[in-house]
Amino acid sequence: MRLLLVEDHVPLADELMAGLNRQGYAVDWLADGRDALHQGSTEPYDLIILDLGLPGVPGLDVLAQWRAAGLATPVLILTARGSWAERIEGLKAGADDYLTKPFHPEELHLRIQALLRRSHGQANQPTLKAAGLHLDEGRQCVTRDGAEVQLTAAEFRLLRYFMLHPEQILSKSHLAEHLYDGETERDSNVLEVHVNHLRRKLGKSVIETRRGQGYLFGGQAR
Ligand code: CA
């Protein structure tokens with residue numbers, strides 16, 4: 001999953017980026033409201049974390065303009081402590097959730113996880129379930145037929161994306177756009193290697209190749 005973080009306080013942004021990367025998210029970071037306005041509506045983000053106090057264009061205006069333009073991406077806003085007016089304005093402008101500064105990184109991670117599942121029509125349960133697999137996002141491991149299977153960081157990122165998009169044909173370029181941040185070079189051969197590793201670990205039929213179209217996860221009912 002690829003996230004956009006819009007936060008002008010550099011030490012906080014650094015800390016959040018590091019934590020989100022550890023949680024297996026690809027993250028692009030912006031510090032200015034003008035840049036966010038443009039990039040948030042042109043790049044295919046799965047979720048956006050938006051600070052409201054921003055240089056350039058205030059976060060509330062950024063959010064209102066995104067929504068007016070039809071952007072449906074889940075947005076979690078970061079608001080100042082004790083400012084209930086800001087939270088209400090944010091929710092009215094189209095925020096899906098909010099966190100009040102300061103917050104514990106774990107709370108941010110759990111809210112992101114819940115928002116992403118909800119936006120993909122999945123209930124927020126202890127594990128993510130699809131195609132007979134249970135993915136523990138906190139521990140980054142998967143259970144299949146009652147047996148726990150260990151995943152590398154790259155396999156976890158890919159499997160989580162598949163499990164949030166079951167029975168959908170996903171092209172390699174689509175997957176690359178959602179698994180890597182804007183700075184990382186996208187190599188579809190690497191993606192193919194990870195798909196093969198997942199097949200070896202979880203069974204060949206779990207990810208089908210649709211020639212000329214891409215991959216289909218969970219297409220065969222188990
Ligand atoms: Ca700020």
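Biologist: At what angle do helix 6 and helix 8 pack, and how far apart are their axes?

Modeller: Two packed helices are described by the angle between their axes and the distance between the axes. This is a predicted model, in which local features need pLDDT of at least 70, side-chain atom pairs count only at pLDDT 80 or more, and totals for chains, interfaces and linings use all residues. Residues are numbered from 1 along each chain as its sequence is written, and side-chain values use heavy atoms, with hydrogens and water left out. Helices (H or I, at least four residues) and strands (E, at least two) are DSSP runs, numbered from the N terminus. Axes are lines fitted to C-alpha atoms, for helices over the stretch in contact, and angles run from 0 to 180 degrees between N-to-C directions. Here helix 6 (residues 153-164) and helix 8 (residues 188-202) pack at about 80°, with their axes 10 Å apart. The two helices are therefore roughly perpendicular, a term for angles of 65 to 115 degrees.

Biologist: Which residues of helix 6 and helix 8 meet?

Modeller: Contact means heavy atoms within 4.5 Å. Helix 6 contributes Ala-154, Glu-155, Leu-158, Leu-159 and Phe-162, which meet residues of helix 8 including Leu-191, His-194 and Val-195. The residues of this contact divide into eight nonpolar, two polar and two charged. In this count, Ala, Val, Leu, Ile, Met, Phe, Trp, Tyr, Cys and Pro are nonpolar, Asp, Glu, Lys and Arg are charged, and the others, Gly among them, are polar.

Biologist: In what order do the strands of the open sheet stand?

Modeller: Strands of a sheet pair through backbone hydrogen bonds, either parallel or antiparallel. Two strands count as paired if DSSP finds at least two bridges between them. In this model, five strands form an open sheet with parallel pairing, in the order 2-1-3-4-5. Strand 2 and strand 5 stand at the edges with a single partner strand each, so one side of each has no neighbour in the sheet. On average, neighbouring strands are turned by 20° against each other, direction ignored. As a case within the sheet, strand 1 and strand 3 run parallel and are joined by four bridges. Leu-3 stands opposite Leu-47 in strand 3. Helix 2 lies across strand 1, strand 2 and strand 3, and runs at about 145° to strand 2.

Biologist: How many salt bridges does a search of the whole structure find?

Modeller: A salt bridge is a side-chain nitrogen of Lys or Arg within 4 Å of a carboxyl oxygen of Asp or Glu. The search finds 15. One of them joins Arg-2 to Asp-28, with the closest N and O atoms 2.7 Å apart. That pair links strand 1 (residues 2-6) with strand 2 (residues 26-30), the two residues being 26 residues apart. Arg-2 also forms a salt bridge with Glu-43, at 3.0 Å from N to O. Glu-43 lies in the loop between helix 2 (33-42) and strand 3 (47-51), so this pair ties together parts that are 41 residues apart in sequence.

Biologist: Are Arg-2 and Glu-43 buried or partly exposed?

Modeller: Buried means under 20% relative accessible area, exposed over 50%, and partly exposed in between (1.4 Å probe, protein chains only). Arg-2 is buried at 1%, whereas Glu-43 is partly exposed at 30%.

How values were computed
Parallel < 35°, antiparallel > 145°, perpendicular 65-115°, else oblique.
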